Amino acid sequence: MEDVNCESPAYCHILLEWVRSWDANTRFGILLDRLKDSAAQEHVTPTAKWRYMMQHNQWRHLLEWIRSYKADDTSDVSWPYNTVPTQEMIDMLSDGCPTYVLQILLEELARRGVFPTKVFKHNDKILEILGHTHL
């Protein structure tokens, strides 16, 4: 008797029950490792792409994304840089970036008047970031 999920005696598809409990951003993040062409990546949410860049220490891409934020004309900017980072995405930075990368990204956000929610609880942290940005 042949199993429906088996392609051959050596290879079968197995559905792992715990995968069903993953949220969309987690699923998309895993898919990003396999999706190499940009056309396929456009179906991924910006939040998942942001998280993926953080987890893979692609801070230069995050910096480019932040620099395109509040730009006058984003019509010639490719995805995902033409989408506005949400406060949720910005708040993720303090949980997933190395300290030196976090400092670079926070300074760039401060130049645009944007701060993670956690920073507002510490006035000294806001002053430190603003001091580094020379504003």
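Tutor: Leaving aside neighbours within four places in sequence, Met54 is in contact (heavy atoms within 4.5 Å) with Leu62, Met92, Leu93, Gly96 and Cys97. This is a predicted model, in which local features need pLDDT of at least 70 and side-chain atom pairs count only at pLDDT 80 or more, while totals for chains, interfaces and linings use all residues. Residues are numbered from 1 along each chain as its sequence is written, and side-chain values use heavy atoms, with hydrogens and water left out.

Met54, together with Trp50, Leu93, Cys97 and Leu105, touches the most other members of the 21-residue largest nonpolar core, a core being a set of buried Ala, Val, Leu, Ile, Met, Phe, Trp, Tyr and Cys residues joined through side-chain atoms within 4.5 Å, where buried means under 20% relative accessible area (1.4 Å probe, protein chains only). Two or more residues of this core come from each of H3, H4, H5 and H6, helices being DSSP runs of H or I with at least four residues, numbered from the N terminus.

H3 and H4 pack with their axes (lines fitted to C-alpha atoms over the stretch in contact) 8 Å apart and at an angle of about 140°, on a scale running from 0 to 180 degrees between N-to-C directions. Pro46, Lys49, Trp50, Met53 and Met54 of H3 meet His61, Leu62, Trp65 and Ile66 of H4 in this contact.

Thr47 also has its place in helix H3, residues 46–55, and is buried, with a relative accessible area of 11%; beyond four places in sequence, Thr47 touches Asn25, Glu88, Met89 and Met92.

Notes
Buried < 20%, exposed > 50% of the residue type's maximum accessible area, 1.4 Å probe, protein only.
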